[in-house]
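Opening the notebook on this one.

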Amino acid sequence: STPAAIAAAIANGARRGLLAKGGATLETLAHVRTIAFDKTGTLTRGEPRVTDVTPLGGGDAAQIDAALAKAAAVEMGSSHPLGLAIIAEAEARGLAIPRTLDGSAATAGKGVSGQLDSGLVSVGSPRQAREAGALPASADALVTQLETDGKTVVVVSEDGVALAVIALRDEPRDDAAAGVAELKALGVTPVMLTGDNTRTADAIGAKLGLAVQAELLPGDKLAAIERLQRSGPVAMVGDGINDAPALAAASVGVAMGGGTDVALETADAALLRNRIGDVASLIRLARAGMGNIR
Ligand code: ADP
Ligand code: MG
């Protein structure tokens, strides 16, 4: 390849919303063996909607609404897509959302909690609720069924007792399955990395046609990238909500355009059009720029 070919490839990509920071990035992209994708906000739209609110231990509509309102209360300070969806559902139902006494605290990859007048309320993964002893075994079948359906489940508990299970669905982007297939056609292995639970992630992975590593905490994503790098350069595609370290650790970090500013700063490349098919376009561009068309 020549400097002119590389400059032409970068300019050509920029016209199509495929940004690469320089020749070194293109060179690595041309040789990438694995593409790791964040799930939420990358392969999916990142706009989950509440589909079910199920009270535990029986309960009428008023109890369902009370649990949803308490969940919304502790999600108020959260910028997590699941939190925003829970608040939106409580608002859509016209519920009065109580106030926390002193804000809420989030634990990345696990959930949030806050003190209300009525008690200490937590909203988080079933795993987290189980570990806290809040989720009774009698709820397991319900959680399993919702997750097998590709929904993300969070548990609302108060003072260590589960009140309700909230299920949310985040639809894959329209071109996600086609974009994944294009990568495989280029000889690159796609894999999904997610903090979501294994059953939900497997359901989505099967639909899109890629392997899945689930239940990863932010630090685990970093370790997963390092493990994948043993078989060659790895590109990580993410929107950057809690994925900035993984983007930085990858051989090439690729930010989706709708992502956070921190993702765009950390990344080596960016896809401005939010299309999964653009990942394959970026790789073809890099191979062409390197005179390495296959
Ligand atoms: P992803 O990798 O899909 O972006 P995260 O690492 O952000 O997922 O979150 C992993 C899991 O932690 C979620 O599926 C959920 O169970 C729980 N969780 C994280 N943040 C929240 C929150 N604000 N409210 C409820 N649950 C949460
Ligand atoms: Mg995310």
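**Entry 1: helix α9**

I started with α9, where R199, T200, A201, I204, G205 and L208 come out as buried. By my cut-offs, buried means 20 or more other C-beta atoms within 10 Å of the residue's own, exposed means 12 or fewer, and partly exposed is in between, with C-beta atoms placed from the backbone. Helices (H or I, at least four residues) and strands (E, at least two) are DSSP runs, numbered from the N terminus.

A note on ground rules: this is a predicted model, local features need pLDDT of at least 70, side-chain atom pairs count only at pLDDT 80 or more, and totals for chains, interfaces and linings use all residues. Residues are numbered from 1 along each chain as its sequence is written, while chains are lettered from A and ligands numbered from 1 in the order in which they are written.

Next I looked up what the buried residues of α9 pack against, and found α3, α7 (140-148), β7, α8, β9 and β10. Two residues are in contact if their C-beta atoms, placed from the backbone, lie within 7 Å. After α9 comes G209, with a positive phi near 85°.

**Entry 2: helix α8**

Which residues of α8 are buried? In this helix (residues 176-185) I get A176, G179, V180, E182 and L183. Looking down the axis of α8, I see its buried residues within an arc of 155°, so they line one face of the helix. The arc is that of the directions from the helix axis to the C-beta atoms. The cover over these buried residues includes β2 (34-38), α3, β9 (189-193), α9 (198-208) and α13.

I also checked A178, which sits in α8. A178 counts as partly exposed because it has 15 C-beta neighbours inside 10 Å. Just after α8, G187 has a positive phi of about 85°.

**Entry 3: the whole chain**

I stepped back and counted 13 helices and 13 strands in the protein chain. The C-alpha trace spans about 70 × 35 × 30 Å along its principal axes. The radius of gyration is 21 Å, which agrees with the value near 19 Å that a compact globule of 294 residues would have. That radius is taken over C-alpha atoms, and the globule rule is 2.2 Å times the number of residues to the power 0.38. Buried residues account for 49% of the 294. Of the contacts between residues at least 6 apart in sequence, 61% join residues at least 24 apart.

**Entry 4: two domains**

The domain assignment gives me domain 1 (3-45 + 172-289) and domain 2 (49-169); such bounds come from an automatic or database domain assignment. Their C-alpha centres are 31 Å apart. The contact takes 12 residues from domain 1 and 13 residues from domain 2. On the domain 1 side, α3 and α9 each supply at least two residues, and α9 gives the most, with four. By class, that side has four nonpolar, six polar and two charged residues. Here Ala, Val, Leu, Ile, Met, Phe, Trp, Tyr, Cys and Pro count as nonpolar, Asp, Glu, Lys and Arg as charged, and the others, Gly among them, as polar.

**Entry 5: ligand 1**

How many residues surround ligand 1? I find 21, the closest being T40, H80, G109, S125 and G195. The elements giving two or more residues to this shell are α3 (39-43), α5 (81-92), β5 (111-115), β6 (120-124) and β7 (152-158). A residue is near a molecule if its C-beta atom, placed from the backbone, lies within 6 Å of it. The shell divides into five nonpolar, 12 polar and four charged residues. Domain 1 and domain 2 each contribute at least three residues to the shell.

**Entry 6: loop residues**

Most residues other than glycine have a negative phi. E215 is partly exposed, with 15 C-beta neighbours inside 10 Å. N274 also has a positive phi near 55° and sits in the loop between β13 (269-271) and α13 (277-289). N274 counts as partly exposed, with 18 other C-beta atoms within 10 Å.

Last, I looked up I97, in the loop between α5 and β4 (104-107). I97 touches A69, A72, A73 and A90, leaving out residues up to four places away in sequence.
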